[in-house]
Amino acid sequence: MSHTESHSEKPDFKFKKAVSGGHIMKRKPYRKILLAIDGSENAKIAALSGLEIAKSTGAEVYAVYVANISCCSPSMPESYDWEIGKEGSEAVAEIEEIGKEVRVPVNPVLLQGYPAQEILNFAEQNDIDMIVMGTQGKAGLDNFLLGGVTEKVIRHAKAEVLVVRAHVS
C-alpha cells in the first residue's frame, strides 16, 4: 500500500455475493419476510429482528399468527374459539404497532390449523424469502432445545429461517 492510499477505506459490503466452493454466487435479496407470532415474548423479540432486517432491505413483512387447532376439540365452547381469535388479533396488532414505530408496514395474517404446517404453507404460497421465529413459543421448552413448531419449520422450510434465541436471565 502506498502512502497516498487511505487506511480508513472500508470495503463495500453492499454486494450480495458469497463464495461457495471457489465460485462467487449471487444471493437473492429479501423481498418478503414472514414473522411467526404466537403472543410470546420470544416471538416479539424475534419479530424485532425481522423488522430490523426488513427496514434495511425494504422487504414486505407478514406477521403470521396461527390459532392451533390441535388444542381444540369439537366439545370446546364457541367462546374458546373467540378467545383464540382475540389472542391472535392482539398479538398481530402489537407487531403492527411496533412496525409503525420503526416505519415498516406489517401485513397481519391470522390462520387456523397446525402452526408449523400453516407457516410452511403460507411461506410457500406467498414466495416468502425468510421466516423469522423464536426458539420457543408459548409452550415453553418443548423438545428441550427448540420449540416443536420451530424445529418443524427449520426442517421443512424452502425459505431461509432465522431463529432468534430467547433471552436468558
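Visitor: Which helix holds Asn42?
Guide: Happy to start there, with the reminder that this is a predicted model. Asn42 is found in the helix that spans residues 41-57, namely H1.

Visitor: Is Asn42 buried or exposed?
Guide: The cut-off for buried is under 20% relative accessible area. Asn42 has 7% relative accessibility, so Asn42 counts as buried.

Visitor: Which residues is Asn42 in contact with, leaving aside its neighbours within four places in sequence?
Guide: Two runs of the chain turn up here. One part of the list is Gly134, Thr135 and Gln136.

Visitor: Which residue stands opposite Ile131 of E6?
Guide: Strand E3, residues 32-37, pairs with E6 in the parallel sense, over three bridges. In that pairing, the residue opposite Ile131 is Leu34.

Visitor: And which residue of E7 stands opposite Gly134?
Guide: E6 and strand E7, residues 160-164, run parallel and are joined by five bridges. Gly134 has as its opposite residue in E7 Val164.

Visitor: On to the helices: at what angle do H3 and H4 pack?
Guide: H3 covers residues 115-125 and H4 covers residues 148-156. H3 passes H4 in a right-handed crossing. Their axes are 8 Å apart, and the angle is about 35°.

Visitor: How many nonpolar residues are in the contact of H3 with H4?
Guide: H3 brings Pro115, Ala116, Ile119 and Leu120, while H4 brings Val149, Lys152, Val153 and His156. By class, one residue is polar and one is charged, and the number of nonpolar residues is six.

Visitor: What kind of aromatic pair do Tyr62 and Phe122 form?
Guide: The structure holds one aromatic pair. Its rings lie 5.5 Å apart, centre to centre, with 65° between the planes. Planes over 60 degrees apart count as edge-to-face, so the pair of Tyr62 and Phe122 is edge-to-face.

Visitor: How many residues apart are Tyr62 and Phe122?
Guide: Both Tyr62 and Phe122 are buried. Tyr62 sits in strand E4, residues 60-68, and Phe122 in helix H3. The pair links distant parts of the chain, with a separation of 60 residues.

Terms used:
Residues are numbered from 1 along each chain as its sequence is written. This is a predicted model: local features need pLDDT of at least 70, side-chain atom pairs count only at pLDDT 80 or more; totals for chains, interfaces and linings use all residues. Side-chain values use heavy atoms; hydrogens and water are left out. Two strands pair if DSSP finds at least two bridges between them. Helices (H or I, at least four residues) and strands (E, at least two) are DSSP runs, numbered from the N terminus. Axes are lines fitted to C-alpha atoms, for helices over the stretch in contact, and angles run from 0 to 180 degrees between N-to-C directions. A crossing is left-handed if the near helix is turned anticlockwise from the far one by less than a right angle, and right-handed if clockwise. Contact means heavy atoms within 4.5 Å. Ala, Val, Leu, Ile, Met, Phe, Trp, Tyr, Cys and Pro count as nonpolar, Asp, Glu, Lys and Arg as charged, and the others, Gly among them, as polar. Buried means under 20% relative accessible area, exposed over 50%, partly exposed in between (1.4 Å probe, protein chains only). Rings of Phe, Tyr and Trp (its six-membered ring) pair if their centres lie within 6.5 Å; planes under 30 degrees apart count as stacked, over 60 as edge-to-face and the rest as tilted.
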